Amino acid sequence: MKVLLVEDELSLGDYIKKGLSEAGFIVEHKTTGLDGYHALMTEDFTVVVMDVMLPDVSGFELVSNYRAAGNTTPVLFLTAKDDLSDRIKGFEIGGDDYLTKPFAFAELLVRIKSLLRRANQADYASTVLQMADLKLDIAKRSVHRDKGSIKLTAKEFALLQFLLEHQGEVLPRSVIASQVWDMNFDSDTNVIDVAIRRLRSKIDDGFENKLIHTVRGMGYKLEADNSAVTVNNDTNIDMSNEANTVSKLNHVEVK
């Protein structure tokens, strides 16, 4: 997932880029409106994080022209201006969300994940997601592996759907928490580990080809080819590095 970040404050831009990179994103950071607009019009991005008050041209103007060209990539505005008229203008010219400074990084991450989730839901060409012999039908709310039906709870279904939508990607627990549970990551809770363990027991137990993998120190991954991933399938592993990083980010405000 590739993010375009247009932010002229170097320290803030570097901080956001570092946090998003640790959450699994590829981030391209531009510090001027013109450079940002060139990137918008020449490259493909999953989401755009756009500062409004740039030194050369307004972020509002950039996004207005971007939308006029027919582009629909989700855009989140960042600004120190919190007037209602400014927020309304941001939405009217084509912004999808609006976050005022100062803000906690955890909120920025959750808002980006929410934009991506809405975009993915709008773009489904098929209601069926599949990996190997595992099939999930979104419309019918059904899951099958091989020829057998698998009964999942609503949250397990949402978790499996998220893993299938991002199959092959390493997903940190912070990302899973914000996307599936709509909550900030708490390093003191094992809710993600427990949910993965229960889902794994229903999806992988009894099958030689294991699909759900734990990537040591990083998160989880849905992968059909076991040989392609360096993993440890024991959910009780030390993920303190990732947990500590996200925990720190969640408690720091961006000014």
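How far apart are the closest N and O atoms in the salt bridge of Glu 156 with Lys 202? They are 2.7 Å apart, a salt bridge being a side-chain nitrogen of Lys or Arg within 4 Å of a carboxyl oxygen of Asp or Glu.

## About the model

This is a predicted model, in which local features need pLDDT of at least 70 and side-chain atom pairs count only at pLDDT 80 or more, while totals for chains, interfaces and linings use all residues. Residues are numbered from 1 along each chain as its sequence is written, and side-chain values use heavy atoms, with hydrogens and water left out.

## Salt bridges

Let's stay with charged pairs: the structure holds 15 salt bridges. Glu 156, at 9% relative accessibility, is buried (under 20% relative accessible area; exposed is over 50%, partly exposed in between, with a 1.4 Å probe and protein chains only).

Asp 193 pairs with Arg 173, with the closest N and O atoms 2.9 Å apart. Asp 193 lies in helix H8 and Arg 173 in helix H7 (residues 173–180), so this pair ties together parts 20 residues apart in sequence (helices are DSSP runs of H or I, at least four residues, and strands runs of E, at least two, numbered from the N terminus). Both are buried: Asp 193 at 10% and Arg 173 at 7%.

## A buried threonine

Over in strand S4 (residues 75–79) you will find Thr 79. Thr 79 is buried, with 0% relative accessibility. Beyond its neighbours within four places in sequence, Thr 79 has contacts (heavy atoms within 4.5 Å) including Asp 51, Met 53 and Tyr 98.
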